[in-house]
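The points are numbered and can be read in order.

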There are 2 protein chains.
Amino acid sequence: MRLDAEQLTVFLTSISIMLLMARLLGELFIKLKQPAIIGEILAGIILGPTVLGVLMPGFSAWLFPKTPEIQVAMDGIFSLAVIMLLLVSGLEVDLAVVVRQSKTAFLTSFMGIIFPFALGFALAYMYPNYFGINDEKMRLIFSLFMGTAMSISALPVIARTLMDLNLIRTEIGLIILAAAMFGDLAGWIIFSLILSMMGAGGGTLGFSDKILLILGFTLFMLLIGRKIVNKIFPYIQKYFVHPGGVLNFIFILGFLCAAFTEFIGVHAIFGAFIVGITIGDTAHLREKTREIIHQFVTNIFAPLFFVSIGLRVNLLTNFDPLLVLIVVFIAFTGKVIGCGLGAYWGNMSRRDSLVIGFGMNSRGAMEIILGLLALQFGLIQDKVFVALVIMAVFTSLISAPVMNYFLKGRMDFSLRDILDRQMFIISSAPDKDSVIREMVSLAAKKYNIDEETLFQQVKSREELIPTGIANYLAVPHAKAKVSRPVAVVAFHKEGLDFEASDKLPAKVILLLLTPQDKSELQLKLLAEIANKFKDKDSVESLINTDKPESIISALKNA
Amino acid sequence: MRLDAEQLTVFLTSISIMLLMARLLGELFIKLKQPAIIGEILAGIILGPTVLGVLMPGFSAWLFPKTPEIQVAMDGIFSLAVIMLLLVSGLEVDLAVVVRQSKTAFLTSFMGIIFPFALGFALAYMYPNYFGINDEKMRLIFSLFMGTAMSISALPVIARTLMDLNLIRTEIGLIILAAAMFGDLAGWIIFSLILSMMGAGGGTLGFSDKILLILGFTLFMLLIGRKIVNKIFPYIQKYFVHPGGVLNFIFILGFLCAAFTEFIGVHAIFGAFIVGITIGDTAHLREKTREIIHQFVTNIFAPLFFVSIGLRVNLLTNFDPLLVLIVVFIAFTGKVIGCGLGAYWGNMSRRDSLVIGFGMNSRGAMEIILGLLALQFGLIQDKVFVALVIMAVFTSLISAPVMNYFLKGRMDFSLRDILDRQMFIISSAPDKDSVIREMVSLAAKKYNIDEETLFQQVKSREELIPTGIANYLAVPHAKAKVSRPVAVVAFHKEGLDFEASDKLPAKVILLLLTPQDKSELQLKLLAEIANKFKDKDSVESLINTDKPESIISALKNA
């Protein structure tokens with residue numbers, strides 16, 4: 001069975017229009033200092049039955065026809081897209097940080113499931129009639145479902161939001177990601193339990209087999225798989241065409257493990273995410289390969305997936321304002337309070353706990369997939385489904401702006417929040433100006449700042465008083481158009497003269513950019529950095545390293 | 001309609017196994033100094049009904065089930081894959097060279113259609129019974145079909161073979177590509193004429209409308225579209241996130257134009273190819289963006305498409321040895337002699353004409369798609385279909401090794417055969433050794449040579465007698481493990497001392513690598529280069545350029 005010429009025409013046209021709208025709205029939101037994903041989800045709502053379907057029903061029916069062939073072909077693309085997205089998100093995870101934060105992540109995740117689950121369960125169990133459940137036998141199952149629906153979160157949306165906000169490799173970002181991963185796992189396991197209680201659960205696997213398999217798979221990949229990958233990566237890079245061999249290896253393993261977790265009954269994206277973590281941690285994965293995958297997936301495939309969320313359903317038909325309000329309220333308070341409390345008990349500050357709570361709040365496409373399955377099995381009515389979808393879209397839309405708001409006000413950044421292994425260069429620049437230029441250029445690209453202005457700012461600060469401190473450290477700095485502090489670290493083997501008091505050349509050069517209105521923050525961070533370089537012996541062992549890449553982790557963990 | 005969990009599992013598993021087999025066999029053929037595409041097509045034959053289907057029918061049926069959902073989802077992926085591949089191939093085309101060679105390309109293409117068409121038509125018309133055509137009314141239509149089937153060629157296979165052989169930006173490569181493009185266009189127009197004669201032609205467009213539209217589209221894109229792209233590209237790179245904005249723009253335009261040509265009734269790949277040419281020519285497309293697209297598409301998507309060829313049909317059932325022999329013989333002689341004669345009349349040498357003839361001979365998936373359509377419409381019998389498929393696979397497999405064979409023996413390379421705009425760098429290296437290192441590193445990566453050995457070879461030659469010539473030119477050179485001559489050109493604004501007789505610093509530095517057993521070839525090329533730099537005035541106007549990128553074209557055209 002193949003797509004015929006007419007179907008292929010429509011298929012290609014709708015993909016290009018989806019990409020176009022996603023890009024335009026995504027860029028608009030970037031200009032508004034919001035993450036692109038909000039624009040991409042809105043693009044889907046506009047192209048979908050909610051707006052285009054009402055305004056131009058003829059064009060909408062042509063562009064997104066109900067033809068099964070086109071729908072299945074699209075679904076295949078969307079599935080690959082979300083799997084690739086989770087693979088890329090996994091590549092960004094620094095497992096060491098997750099492990100160090102595992103207590104906080106676990107508490108966050110646990111509370112973030114229990115609390116909204118209890119609220120959702122209680123509500124449904126007390127007022128089954130309101131949701132249209134009149135069959136007493138269905139009451140328990142439906143209540144369990146509502147609990148799950150309130151507590152599930154959307155790893156793809158969360159991961160993408162963190163990437164858009166440049167938070168994915170920070171401490172907060174990794175706690176959110178780890179918690180979302182635990183949560184996702186628990187959510188899908190609970191949901192497959194509900195399905196099997198309804199007699200609808202697919203597959204031949206028993207429930208305990210499922211849990212054993214998925215835990216076994218996860219532990220195997222993260223403990224042993226990582227070591228294997230670390231061993232065979234150099235061989236692939238040596239004996240296969242580069243970067244083709246490595247690219248293929250990543251996708252082959254990603255798709256295969258995605259197939260495996262889908263087979264077990266946990267969603268395919270989970271396997272892809274674990275593979276991403278397994279591979280992303282190896283020091284052998286070169287920046288260029290990472291960049292090729294990252295750019296292609298986040299710019300071509302991820303937007304298609306986020307647009308597809310809005311295409312699935314009309315948000316205005318079967319709209320029950322009260323029900324929507326209740327569902328949104330419970331989902332919101334349950335998740336934000338649950339996760340927030342968990343994070344707070346895990347020793348995060350009050351403000352960071354709030355950021356984590358809102359970060360975990362996105363429901364995205366997972367909620368919609370869950371709702372669709374429940375709708376197909378006759379467990380929920382249309383109006384409940386629509387309420388769940390609106391809740392999913394709303395929580396996904398609101399998450400980033402709220403996080404941004406709290407992060408902007410956040411004054412207690414410490415060095416390990418802002419160190420980022422992607423903002424690290426090994427320099428062999430001939431002089432001070434050149435190394436500053438290299439670092440400024442990296443920061444300017446990443447944070448969309450004008451390179452020339454920034455360079456002049458850093459240079460004039462440097463001319464005022466040179467920023468060489470002591471013990472091989474220099475800290476050029478400036479206030480810049482950034483919403484939170486940014487650090488770029490350069491390692492220079494021979495060292496460059498930054499006129500330090502002890503006359504030693506600077507081998508570790510840290511460029512610090514802070515928001516324009518936060519003078520105290522700049523002072524605090526400068527003091528923290530200087531403090532880290534107090535002990536000459538430990539500094540010398542740090543800079544005499546064979547693996548400059550590990551300087552960042554050493555600084556973070558110090 | 002969606003893929004259910006079981007279907008998604010199978011879908012993902014088969015994609016990863018296809019990628020795995022393609023990579024393993026592809027690498028094997030690279031080791032054998034053959035292009036990867038041969039391995040990829042063989043991977044498909046092995047995974048398909050011909051081998052795996054016979055050896056392990058159960059596993060084969062599980063991995064590639066006849067479920068319509070999975071087949072359609074796969075077809076969607078394969079369609080995107082081949083469209084992306086043609087987009088990438090288009091990006092590599094240097095339109096100026098095509099235009100300069102348009103007479104040769106047109107003659108090659110014209111003869112390459114007429115000659116095999118006449119043979120195929122005559123055979124079918126004289127012996128209709130042999131092909132199972134007993135209805136006198138069908139005789140003409142069937143003969144027209146056989147003519148077309150003999151004359152069509154496969155742009156995707158040809159383009160990929162040229163990329164694999166590193167020929168795509170050479171003169172021969174571009175003549176083949178341009179001729180294949182003309183040929184493809186003519187082939188699909190003739191085929192849609194046949195379909196409409198049978199009353200099977202889809203769409204509401206009249207035949208003359210089709211031709212008008214496709215010619216109009218092609219001319220518009222290549223004449224006006226190119227200028228528009230050139231104008232708006234800097235804006236996209238400035239105002240949109242980079243490289244995301246540009247990546248999206250390329251794919252949006254590519255998919256949209258693919259949809260348009262598919263709608264007209266010419267295959268979708270044609271539109272994508274034209275978009276590739278339109279965009280690839282702009283000087284504003286950065287190397288990094290090109291690299292991201294190139295690596296992702298040729299390593300992830302293109303292999304899926306080439307594997308899919310072998311999946312479509314069992315080559316051994318309905319195998320009629322005599323029929324296969326006749327079809328292969330006619331296709332071969334028709335195409336190779338036709339194109340070869342055309343190229344020869346277009347002033348190519350005898351050997352180059354043969355290379356072009358074999359380069360044009362690949363039928364690939366186009367033939368199989370043509371055959372499938374004809375089979376569906378009842379125009380041909382199974383045994384004819386199988387003969388066409390075997391011919392398609394065989395011509396695709398044999399094309400690269402034969403081209404390689406003739407190219408290896410080829411002694412009459414001239415400078416413009418070996419200049420390549422991807423092998424050009426703008427250097428600001430501080431000294432002679434550094435610039436040589438930069439050039440060697442580029443060549444070593446591209447042609448899989450050991451960088452250190454090569455560097456030492458070039459350096460020791462340089463120490464023997466410095467290679468500065470005169471008029472700002474230096475030509476460091478060495479014999480290396482390459483199958484054909486390779487040039488890297490570096491432009492250095494300030495110039496570096498290569499001890500030239502006129503004491504002028506070298507601003508154009510050309511690194512020349514020649515095969516180890518071809519001393520005369522090295523001498524001939526060195527003489528040709530020195531000759532190009534005889535006239536001091538024209539050299540000065542060349543090196544005082546604002547656009548160093550155009551040095552390569554200037555040298556080629558001089």
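1. Throughout this note, two residues are in contact if their C-beta atoms, placed from the backbone, lie within 7 Å. This is a predicted model, in which local features need pLDDT of at least 70 and side-chain atom pairs count only at pLDDT 80 or more, while totals for chains, interfaces and linings use all residues. Residues are numbered from 1 along each chain as its sequence is written, and chains are lettered from A and ligands numbered from 1 in the order in which they are written.

2. Overall make-up of chain A. The chain holds 24 helices and five strands; helices (H or I, at least four residues) and strands (E, at least two) are DSSP runs, numbered from the N terminus. Chain A is divided into domain 1, residues 5–409, and domain 2, residues 415–557, with bounds that come from an automatic or database domain assignment. The centres of domain 1 and domain 2 of chain A, taken over C-alpha atoms, are separated by 36 Å.

3. Along its principal axes, the C-alpha trace of chain A spans about 80 × 55 × 50 Å. Of the 558 residues in chain A, 54% are buried. A residue is buried if 20 or more other C-beta atoms lie within 10 Å of its own, exposed if 12 or fewer, and partly exposed in between, with C-beta atoms placed from the backbone. Among contacts in chain A with a separation of 6 or more, 77% join residues 24 or more positions apart.

4. How the two chains are related. Chain A superposes on chain B by a rotation of 180° with 0.0 Å of shift along its axis, at an RMSD of 0.2 Å. That is the relation of a two-fold axis. The superposition is by least squares on the C-alpha atoms of residues with pLDDT of at least 70 in both copies. The residue of chain A that comes closest to the rotation axis is A:Ala73, at 2.1 Å (C-alpha).

5. The interface. On chain A, 48 residues are in contact with 48 residues of chain B. The elements of chain A that give two or more residues to this side are α1 (5–31), α5 (68–91), α12 (244–264) and α14 (287–311). The largest share, 14 residues, comes from α1(A). By type, the side of chain A that touches chain B divides into 29 nonpolar, 12 polar and seven charged residues. Here Ala, Val, Leu, Ile, Met, Phe, Trp, Tyr, Cys and Pro count as nonpolar, Asp, Glu, Lys and Arg as charged, and the others, Gly among them, as polar. The copies meet through the same surface, because 100% of the interface residues of chain A are also interface residues in chain B.

6. The nonpolar cores. A nonpolar core is a set of buried Ala, Val, Leu, Ile, Met, Phe, Trp, Tyr and Cys residues joined through C-beta atoms within 7 Å. The largest core has 310 residues, and those with the most contacts inside it are A:Ala81, A:Ile83, B:Ala81 and B:Ile83. Leaving aside neighbours within four places in sequence, A:Ile83 is in contact with A:Gly254, A:Phe255, A:Ala258, A:Ala268, A:Ile269 and A:Ala272. A second, separate core of 39 residues includes B:Ile418, B:Ala478, B:Leu511 and B:Leu513. In soluble globular proteins, nonpolar side chains tend to be buried together.

7. A buried helix position. A:Ala392 is found in helix α18 (residues 382–409) of chain A. This residue is buried, with 30 other C-beta atoms within 10 Å. Beyond its neighbours within four places in sequence, A:Ala392 is in contact with A:Arg363, A:Gly364, A:Glu367 and A:Ile368.

8. Two loop residues to check. A:Glu499 has a positive phi of about 55° although it is not a glycine; A:Glu499 lies in the loop between β4 (486–496) and β5 (506–515) of chain A. B:Asn347 has a positive phi of about 75° and is not a glycine either; B:Asn347 is in the loop between α15 (321–345) and α16 (350–359) of chain B. A:Glu499 is partly exposed, with 13 other C-beta atoms within 10 Å, whereas B:Asn347 is exposed, with 12.
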